[in-house]
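Welcome! Please take a moment to look over the sequence and the 3D structure, and then read on for a guided tour, topic by topic.

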Amino acid sequence: MSEPTSQSRAASGDPGAPPKRPDAGHDTGDLPLSELSEHGHAALAWIERYLAEPERHPVLSRAAPGDTGRALPSGPPAHAEPLERILADFERSIVPGITHWNHPGFLAYFATTGSVPGIIGELLASALNVNAMLWRTSPAVTELELLVTDWLRQMLGLDDGWFGFLNDTASVSTLLALAAAREARPELAIRERGMAGRTDLPRLRVYCSTHAHSSVDKAAIALGLGHENVVHIEADERFALRADSLAEAMAADSDRGALPLAVVATAGTTSTTSVDPIAAIAPVARRHGAWLHVDAAYAGVAAVLPELRARFTGWEQADSIVVNPHKWMFTPIGASALFVRRPDILRRAFSLVPEYLTTTDPQDVPNLMDYGIQLGRPFRALKMWMVIRAFGTEGIARRIRHHLHLARRFADLVEGSPDWQLAAPVPFSTICFRFAPAGVDDESLDRRNAAILERVNAGGEAFLSHTRLHGRYVLRVAIGNLRTEWEHLERTWELLGKASVESIGISEG
Ligand code: PLP
């Protein structure tokens, strides 16, 4: 038997084979691989420094509208430019227009972080650059996606009767869930006949609380249900949907001949992170045959903590659940897990296989294009797989627990100060609060709180957002960044105190 040559070893995937340099002798059209090592290493070094010194940049970009565009040529270059110059322009012209979600003072909206394993996963995924539209176009991508969403299911304590896959955002996951809710009523024949011009269709109603995310409204708009058919049910004093009001609204609609199509319960609302009483909502939805979707986009990962799991009681009765690893599970953005009880309904809603996508693969091979509107499918699962493996479920729980602890301490600061008050309970890691010294009317306080927010955000050390609760302007601190520590929250508190003093002149309007 002859010795294997280096070429035959490389062809057989032998790890001992020397790396082949197909571009060494001829032009592939790509840049030479030497550029990858030289500038790839430079980019990695840049990332390392960026993450080591995240406070080097102001957290909220100070760019004025149009600054980034003005800093760059208005037309594309006719001739190739060296990567070195492009990377220098990245630093000089792009980075100043970045608001740094990696900054430990990023406390706005829902703070999120990528992480080292997530970044490595993204890097490798971009190198593979596969499109897993069909199982055969990268079996490992489809199978890893199903595997990691199933890992997530286990981490959340959900039973094995769920089918999960990944979308880019919760907005898309919720859109798909509501499309499935519609398809779950085959008698409506909407897939085939559409809705326009039909007199035989009842009004299709979707219910959620006044605190539900706007993605529910947008999904209803996109699906042609009509924005006015999204019924926003009042919330109780803890900002949770009132199940009794829901029951009344659904019964009244039903009596009027409308069809209650779906209920969206939120576990972790956007403003206050309140949790709707899913266990009380589920039987109401069931009574009307309505689909129950649980939007746990932000807070869902907190169910990894056994001590918090009871907050999600009732979600096991849902038809679908969305949880975003890209929000609070340290996975770079573009990873939203949708779990459904009946994947066959999603397939019924979306499967459409033109000739050029038919295959000779076995019937039971999953082609994830059948479960939604997108054909092209990036390798999202790789970064999530890397995060879960590199941190472990115990490590993820520990990081989330730390954020909960930081939030509790910050809430204690607010509660301990006579001039400030909590504006909502703090079930997770987001604190809603307000500067509210005695003897100042509500309108003046609104203006002062808005001014405090502006002033703190302009400083570059902390970035907070706001909401309105009971009509009043309220500040929000959301903790979800791996690099946020107590010192950053203490500093934010100090900045808030200074800004509150400086806001005195504003109160008169
Ligand atoms: N649902 C809730 C409760 C949210 O808070 C958000 C965003 O913050 C969304 C859905 C939308 O998430 P995405 O940006 O992934 O579409």
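## A tour of the model

Phe163 counts as buried because its relative accessibility is 18%, where buried means under 20% relative accessible area, exposed over 50% and partly exposed in between (1.4 Å probe, protein chains only). This is a predicted model, in which local features need pLDDT of at least 70 and side-chain atom pairs count only at pLDDT 80 or more, while totals for chains, interfaces and linings use all residues. Residues are numbered from 1 along each chain as its sequence is written, and side-chain values use heavy atoms, with hydrogens and water left out.

**How confident is the prediction?**

- The score to know is pLDDT, the predictor's confidence in each residue, from 0 to 100.
- For the protein chain the mean pLDDT is 94, and 94% of its residues reach 70 or more.
- Confidence in the protein chain is highest in strand E5 (residues 291-295), at 99, and lowest in helix H1 (residues 6-11), at a mean of 46.
- Helices (H or I, at least four residues) and strands (E, at least two) are DSSP runs, numbered from the N terminus.
- Over residues 1-12, pLDDT stays under 50, and the model has nine contacts beyond four places in sequence for them; contact means heavy atoms within 4.5 Å.
- Where pLDDT is low, the predicted coordinates should not be read in detail.

**The sheet of seven strands**

- Seven strands make an open sheet with mixed pairing, in the order E1-E7-E6-E5-E4-E2-E3; two strands pair if DSSP finds at least two bridges between them.
- Strand E1 (163-167) and E3 are at the edges with a single partner strand each, so one side of each has no neighbour in the sheet.
- From one strand to the next, the twist averages 20°.
- Angles run from 0 to 180 degrees between N-to-C directions, and axes are lines fitted to C-alpha atoms, for helices over the stretch in contact.
- Four bridges pair E2 with E4 in the parallel sense, and Leu204 stands opposite Leu259 in E4.
- Helix H12 (residues 278-287) packs on this sheet and touches E4 and E5, its direction making about 155° with that of E5.
- H8 lies across E1, E2, E4, E5, strand E6 (320-323) and strand E7 (336-340), and runs at about 20° to E7.

**Helix H10 and its surroundings**

- Which residues of helix H10 (residues 214-222) are buried? They are Ser215, Val216, Asp217, Ala219 and Ala220.
- These buried residues of H10 pack against helix H8 (170-183), strand E2 (204-209), strand E3 (230-233) and strand E4 (259-266).

**The sheet of four strands**

- Another open sheet has four strands in the order E8-E9-E11-E10, with antiparallel pairing.
- Its edge strands, each pairing on one side only, are strand E8 (420-422) and strand E10 (465-469).
- Here the twist averages 40° from one strand to the next.
- E10 and strand E11 (residues 472-478) run antiparallel and are joined by five bridges; Ser465 stands opposite Arg476 in E11.
- Helix H16 (residues 442-458) packs on the sheet, where H16 touches E8, strand E9 (430-435), E10 and E11, and its direction makes about 30° with that of E11.

**Aromatic rings**

- Rings of Phe, Tyr and Trp (its six-membered ring) pair if their centres lie within 6.5 Å; planes under 30 degrees apart count as stacked, over 60 as edge-to-face and the rest as tilted.
- The count comes to 20 aromatic pairs by this rule.
- One of them is the tilted pair of Phe163 and Phe165, with 6.1 Å centre to centre and 45° between the planes.
- Phe165 is buried, as its relative accessible area is 0%.
- Trp420 and Trp493 also form a tilted pair, with 5.3 Å centre to centre and 55° between the planes.
- Because Trp420 lies in strand E8 and Trp493 in helix H17 (residues 486-502), this pair ties together parts that are 73 residues apart in sequence.
- Both Trp420 and Trp493 are buried.
- One aromatic cluster is formed by Phe110, Tyr298, Phe312, Trp315, Trp328 and Phe428.
- The charged end of Arg476 sits over the ring of Phe110, 5.2 Å from its centre; for this, NZ of Lys or CZ of Arg must be within 6 Å of the ring centre and within 35 degrees of the ring normal.
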